[in-house]
Amino acid sequence: MKLNLPQAHFSRLMRAIVEFNLIKENDHILIGLSGGKDSIFLTYALACMQKRLKKKFTLGALTINPMFTETFDTTRIAAFCQELSIPYYTHAVDIAQTIKDQAGKDPCFTCAFFRRGAINRFAKENNYNKIAYAHHNDDAVETFLMSLFYSGQLKTFSPNTYLSRTDLTVIRPLIYFREQEIRDTISIHGFKPVPSPCPLDGHTTRQDVKELIVKLSHDNPRLYEHLAAGMRQSSLGELWPESKNRNQMKEIYAAYMYGDI
């Protein structure tokens with residue numbers, strides 16, 4: 001396969017790599033490859049960077065079979081990786097049964113938890129020191145909003161995260177790409193994405209938040225831009241102080257009630 005990453009895409013990828021120092025000399029990077037549009041583009045893009053960058057690093061790609069369906073054909077994905085000269089692996093994890101066993105719990109959380117655990121174990125067992133995920137800018141903004149709505153916290157995932165328990169580093173090189181831009185990259189690499197086997201695909205909390213952003217953007221065209229800016233630490237403005245517990249407020253309470261200062 002002839003590798004050809006347009007300059008605009010190369011520049012956006014380089015911005016993330018340089019700003020967050022994502023790739024270092026002699027890194028062994030394992031790509032989480034589902035076969036969807038995002039991870040396929042990430043695999044292609046990193047193969048291009050491997051050719052263009054002066055740093056030496058190796059790539060591998062792993063597909064987790066969550067066993068949602070009886071048939072899970074990875075033939076096209078394997079052929080794509082072979083064309084890119086990237087070693088390809090598959091690993092089955094019965095996430096479907098685990099979700100059934102944990103009825104009542106958030107299935108998306110369960111799936112993500114066990115999928116990450118399987119990838120981490122595979123990376124350690126096969127001498128990879130970094131794991132690359134294909135999360136893009138829309139994913140980060142949606143996660144930011146979901147965290148606020150459902151946990152009351154202002155946070156999202158980081159482009160570069162060191163996992164001290166496993167001595168692995170998670171990187172997200174596509175952090176400056178919008179989802180639509182990645183959807184359009186099919187014309188670059190020519191791979192038709194593999195449909196998600198997830199039975200809840202398109203019916204998740206993330207999908208609800210995605211649609212909410214689109215809806216609110218009709219009246220506020222700069223909404224997405226503002227949400228993206230709000231993810232930066234420097235954006236924090238006038239927030240309330242951290243909540244105090246009973247012991248911390250005891251002395252102040254006594255002063256009000258008994259004049260005991």
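How much space lies in the second largest pocket? The points below answer this and then turn to the sheet and the helices.

1. **The model.** This is a predicted model: local features need pLDDT of at least 70, side-chain atom pairs count only at pLDDT 80 or more, and totals for chains, interfaces and linings use all residues. Residues are numbered from 1 along each chain as its sequence is written, and side-chain values use heavy atoms, with hydrogens and water left out.

2. **The pocket.** The second largest pocket holds about 590 Å³ of space. Its lining has 20 residues, and Thr156, Ala228, Met231, Arg232 and Gln233 lie nearest its centre. H6 and H10 are the elements that give two or more residues to this lining. A pocket is an open set of points on a 1 Å grid over the protein atoms alone, where a 1.4 Å probe fits, with protein on both sides within 12 Å along at least five of seven lines; lining residues have an atom within 4 Å of a point. The volume is the space filled by probe spheres set on the points, which are joined across faces, edges and corners.

3. **H6 against H10.** Helix H6 (residues 137-151) packs with helix H10 (residues 223-230) at about 75°, with the axes 9 Å apart. The two are therefore roughly perpendicular (65 to 115 degrees). Axes are lines fitted to C-alpha atoms, for helices over the stretch in contact, and angles run from 0 to 180 degrees between N-to-C directions. Contact means heavy atoms within 4.5 Å. Among the contact residues are Phe144 of H6 and Leu227 of H10. Helices (H or I, at least four residues) and strands (E, at least two) are DSSP runs, numbered from the N terminus.

4. **The sheet.** An open sheet of 6 strands runs in the order E3-E2-E1-E4-E6-E5, with mixed pairing. Strands E3 (88-92) and E5 (160-163) are the edges, each pairing on one side only. Two strands pair if DSSP finds at least two bridges between them. From one strand to the next, the twist averages 25°.

5. E4 (residues 130-132) and E6 (residues 168-171) pair in the parallel sense over 3 bridges. Alanine 132 has isoleucine 171 of E6 as its bridge partner.

6. **H2 and its neighbours.** Helix H2 (residues 37-52) lies across E1, E2 and E4, and runs at about 165° to E2. H2 also packs with helix H1 (residues 7-19) at about 85°, the axes being 11 Å apart. H1 and H2 are therefore roughly perpendicular. Their contact includes Phe10 of H1 and Phe41 of H2.

Note on methods:
Parallel < 35°, antiparallel > 145°, perpendicular 65-115°, else oblique.
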